[in-house]
Amino acid sequence: MTRHYDAVIIGGGHNGLVCAFYLARAGYKVRILERRGIVGGAAVTEEFAPGFRNSTASYTVSLLHPKVIRDMKLVEHGYRVIERPIANFLPQPDGRYLKLGGGIGRSQAEFAKFSVRDAAALPTYHQALEAVADVLRGLMLRTPPNAGGGLPMLVAALRQGRGLARLSLQQQRDVLDLLAKSARGFLDGWFESDAVKAVFGFDAVVGNYASPDTPGSAYVLLHHVIGAVNGKRGSWGHSVGGMGAITQIMAHVVRAMGVDISLEAPVASVLVDGARAVGVRLESGEEVTARAVIANVGPKLLYERLMNAADLPADFLKRVRGFKTGSGTFRMNLALSALPDFTCMPGPGEHHQSGIILAPTLDYMDRAFMDAKREGWSRQPIVEMLIPSTVDDSLAPKGCHVASLFCQQFAPQLPDGRSWDDEREVAADHIIATVDGYAPGFARSVIARDILSPLDLERKFGLVDGDIMHGNMTLDQLWAARPVLGHGAYRGPLKGLYMCGAGTHPGGGVTGAPGHNAAREVLKDGALLGRWLGRA
């Protein structure tokens, strides 16, 4: 049986839902095909042990674009985010700790414990980062100029370059530093304390299989400060009900607009007729045809696994095969009988509601990466822990808690033919022991655990090489070159084929921006086609 739609979207993650919203609002008949039994992609809330629910993969909110929130009326439908009282808590092996957030004055007081000079530098650092971040915010909902597009491309590039041109010379130098330098190289120009550099440098390795010494890692740091929570720039927060609450609201909104969402409907292949994508074939054998085929999956999954190589231009396929993936991420969800009790700060407190970073220095982070390159995973892993049940008691039974552990560095492919199926449990034990070293007794409090190695992330969520960003966030894979130069405007190499996932501009994170932008390009092409048919 074949059914026809104006648009069919492969993958029911948040970007697919956002894209469907804008298309449906324009009158398009849309169908979303999701391989799992739950909509939301990697932004889902699931029960992983009796009575314990958590955000399974994506686990914190900041980057979701305010325009998407407004347009979809998410707040009116129950969207609620609780801000962290402080951003991060960084225990140190010597028994000291550093808190970041809660106001510039509080952060300066914390920094002064390690360096008076760093405390004095903090306001200027924030101003410098904010100036550059503001330019990036202005580009998030813009379609990158498509290389090879002639005069229209040049005009678009000039328009999008205005934000950079308005910056002062010093600010333009900051842009260059953030795009080209390593996180350490950038932070060394601002601070002297190892702890201060670590609390900022952590953002440079989130979802980035790299060292803080890797050139370009400073940009990843910047990418993580461009968001906002409840109108407060640079803030992060907990979604009440977990990340799945966001995508469930989105699904409710688009279903009410007439969008069809099919669960347990894995796509086997994209249907091509000549040089045009005309639909998809499901693993069940069902065919769905559409004027627009929109992929909310990563470029590697779309072009290497869901399409016939003979249907793609040879040079394009070569470049897609060279598209770099692998974020070095290992995720765990834990059911806890008690809150962790940190040696450096005993008892409950605001630090339990923050991002708890167990990576005391940039040298520690560098060693973690070198371990992973050499042995497959780090013997002293980088761990960020969030405990959302401290602000949302619906996630765990009374007196208990759930924790999200986001861990780096873990090789996407283990060396010497080893498999993550054989090592995931040992790696999980090692991660828990790492936390226990800072909070003795933590290991005993673990009631249950849900383990997601890089291989598990690929199998469960379709994230090739376990890449939470759908592809490395490096300079050669950003903006107009994401995923491939010449196809950075959300259009694939075939007519009727589009991309709306994190493998396109502006990249990873729960932003909704790729979905928003791709829908605009689909509608633009549809309007042009309609006008052409009207003249025929």
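Glu 521 is buried, at 2% relative accessible area (buried is under 20%, exposed over 50%, partly exposed in between; 1.4 Å probe, protein chains only). Lys 524 is partly exposed, at 43%. The two form a salt bridge, with the closest N and O atoms 3.4 Å apart (a side-chain nitrogen of Lys or Arg within 4 Å of a carboxyl oxygen of Asp or Glu). Both sit in helix H18 (residues 513-535), 3 residues apart, about one turn of the helix (helices are DSSP runs of H or I, at least four residues, numbered from the N terminus).

## Model basis

This is a predicted model: local features need pLDDT of at least 70, side-chain atom pairs count only at pLDDT 80 or more, and totals for chains, interfaces and linings use all residues. Residues are numbered from 1 along each chain as its sequence is written, and side-chain values use heavy atoms, leaving out hydrogens and water.

## Other salt bridges

The structure holds 37 salt bridges. Asp 71 pairs with Lys 67 at 2.7 Å, N to O. They are 4 residues apart in helix H2 (residues 66-71), so about one helical turn separates them.

Arg 305 bridges to Glu 458, with the closest N and O atoms 2.9 Å apart. Arg 305 lies in helix H12 (residues 299-305) and Glu 458 in helix H17 (residues 454-461), so the pair ties together parts 153 residues apart in sequence. Arg 305 is partly exposed, at 46%. Glu 458 is buried, at 17%.

A salt-bridge network links Arg 424, Glu 425, Asp 429, Arg 449 and Asp 456.

How values were computed
Helices (H or I, at least four residues) and strands (E, at least two) are DSSP runs, numbered from the N terminus.
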